[in-house]
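Subject: Structure handover

Hello,

Here is the structure I promised to pass on. Please open it first, then read my notes below.

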Amino acid sequence: MKLTNQTLADLPAGIHGPQYDHTARGVGIVHLGIGAFHRCHMAVYTDDVMAQKPGDWRILGVSLRSRTIPDQLNPQDGLYSVVIKDSNSDTTRVIGSVAGVLFAPEDTQAVVQAIANPSTQIVSLTVTEKGYCHDPATGELNQSHPDIQHDLADLANPVSAIGYLVAGLQARQRSDSGAITLLSCDNLPANGQTVEKIVRKFASLVDQALAQWIEQHVSFPSSMVDRIVPAMEAEDKTAFAQRTGLDDAAVLQTEPFTQWVIEDSFAGNRPAWELAGATMVSDVAPYEDAKLRMLNGSHSALAYLGYLAGYDYVHQVMADPVLRQFVDAFMQTEAATSLEVPADLDIDAYRRELQARFDNSALQHRTYQIAMDGSQKVPQRLLQTLRFHLRQGGPTSCTCIAIAAWLRYVSGQDQHGKKFTVQDPMADEFAALHRTHGADATALVNAFLATESVFGHDLQQNDHVKESVVYWYKLICEHGVIHAVTTYFAQTEQQATSRCL
Ligand code: CS2
């Protein structure tokens, strides 16, 4: 049975459809980058809100690059299933909040018009870290990015998310359609302020009057988003169809846990997401930092170490006693101690809960998926923790081990000599660094630390960081990840003993 509005009344037993008439609701949100994460997160919250309250909050999705999602969702009237899996059981629901999906390269004007439409109150984004075309170390617009250069020269036919936003805001200004909110839902620190800085910079390069209009009419709340959403593979879809009898080309899987903390500063109306469990606050920063450094920081660390050691999935890394202990030590001694912990967050309980989420073997979350785009992720996930402890004279070894594992990962070869493709906008630059300096660990680490878009200006001048990353990098290359991490624990134990004596 193909999933569509027509077949919704006959869903297989145990699968629940939307608890409201989704076809009677209008669109109030345009979402750029309608990938799996958005459809398991904000679209679910919005579906829950519409089931509880009247309101035209359906989401018009925009796919910026790939035709896959519009081709999957549009023939299904925007409907898709979400399978929520824990280690022992799963539940499935069909989400009705997505009204349809535009394919930006072909529907360019429709996207711009949708942003300008007076009924659109919010444009939200999940375009991944690299989709902001910014310098990850500083958060500034990268004006030499080819997509930005293209859009500055031809804003009538944008290709970047930032170009679409500014073209849409310009159309909104021209048609006097009123205030609007741009809501970033990507894992960036101060994501609202970051997108504000980038959009305003871009707009000022186009037209000062537009930049001023944006200042007066657009708000940019920050938000912290959290739900683990592993990519759905072809076999997972076939298994779903066989198990349920439902033919859903867009089915997704996720974990039971979900969290959304939103800065309550909207320029127009918004759905009452708090009814669906979102937390509205005046300052997201402490939640965002905790999530980025604890969850995403340890995710990246375990992905690089685990992938090099030959583990394909997160739960397998967690089942390795040495790496499990490392993840715990990373969180407890370095990430957690670098934070200004929000008053309502029990950081020890948070750490344990994260480990339980990583243990979820039903999720099949690939280390390779998390390992991609390190150049865009490492600054906020690892380097802020490192900088904090450098200032305080605190512990830095776990973070330096994770950085060393990343440098080794981007060589494109694991510790068993297996070659793989590094997915990262800077993959070619990193490969060149390995070609030039591969035989000399000190020269290699120096060259990486001098990559300012990742490491800024400060870290290349820090001898302690250099020495530590070189030391762990050599151990990882010569003896493997498990030996390096075991050495770390032996050293920590020795230090603890000598402190006691
Ligand atoms: C992961 C995140 O792929 C990654 O880099 O660390 O997508 C992570 O699963 C989410 O941020 C969880 O909320």
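Which helices do the buried residues of α5 pack against? They pack against α6 (161–174) and α7 (191–206). Before the rest, one caution: this is a predicted model.

**Helix α5**

The buried residues here are Asp147, Ile148 and Asp151. They cover an arc of only 100° around the axis, so they sit on the same side of α5. Pro146 and Ala153 are on the other side of α5, and they are exposed.

**Helix α17**

Now go to α17, residues 427–437. Its buried residues are Ala427, Phe430, Leu433 and His434. Viewed down the axis of α17, these fall within an arc of 125°, so they line one face of the helix. Asp428, Arg435 and Thr436 lie on the other side of α17 and are exposed. What do the buried residues of α17 pack against? Their partners are α15 (374–392), α16 (397–409), α18 (441–449) and α20 (463–479).

Alanine 447 counts as buried, because its relative accessibility is 18% and the cut-off for buried is under 20%. Not counting residues up to four places away in sequence, alanine 447 touches Leu433 and His437. Leu433 is also one of the buried residues of α17. For a sense of scale, take alanine 447 and glutamine 355. They are 92 residues apart in sequence. In space they are 34 Å apart, C-alpha to C-alpha.

**The ligand**

Next, the ligand. Which residues surround the ligand? They are Asn187, Asp226, Arg227, Ile228, Lys291, Asn296, His299, His365, Ile370, Lys377 and Arg381. By class, this shell has two nonpolar, four polar and five charged residues.

- Lysine 291: an N or O atom of its side chain is 2.6 Å from an oxygen atom of the ligand.
- Asparagine 296: an N or O atom of its side chain is 3.0 Å from an oxygen atom of the ligand.
- Arginine 227: here a polar backbone atom is 3.0 Å from an oxygen atom of the ligand.

How much of the ligand's accessible area does the protein cover? On its own, the ligand has 340 Å² of accessible area, and the protein covers 89% of that. The elements that give two or more residues to the shell are α10 (285–308) and α15. The largest share, three residues, comes from α10.

**Around α15**

Is arginine 387 buried or exposed? Arginine 387 is buried, with a relative accessible area of 18%. Leaving aside its neighbours within four places in sequence, arginine 387 is in contact with Phe455, Gly456, Asp458 and Leu459.

Aspartate 373 is in the loop between α14 (367–371) and α15. Its phi is near 60°, a positive value in a residue other than glycine. Aspartate 373 is buried, with a relative accessible area of 4%.

Where is cysteine 133? Its place is in the loop between β7 and α5 (146–153). Cysteine 133 is buried, at 4% relative accessible area.

Glutamine 121 lies in the loop between α4 (108–116) and β7 (122–125). At 16% relative accessibility, glutamine 121 counts as buried. What is glutamine 121 in contact with, leaving aside its neighbours within four places in sequence? The residues are Gly28, Trp57, Ile180, Thr181, Gly268 and Asn269.

Best wishes

Terms used. Residues numbered from 1 in each chain as written. Predicted model: local features only at pLDDT ≥ 70, side-chain atom pairs only at ≥ 80, totals over all residues. Heavy atoms only, no water. Buried < 20%, exposed > 50% of the residue type's maximum accessible area, 1.4 Å probe, protein only. Helix = DSSP H or I, 4+ residues; strand = E, 2+ residues; numbered from the N terminus. Arc of directions from axis to C-beta. Contact = heavy atoms within 4.5 Å. Near = heavy atom within 4 Å. Polar contact = N/O pair within 3.5 Å; in protein donor to acceptor, adjacent residues only side chain to side chain. Areas by Shrake-Rupley, 256 points an atom, 1.4 Å probe, with all protein chains shown as cover. Nonpolar A, V, L, I, M, F, W, Y, C, P; charged D, E, K, R; others polar.
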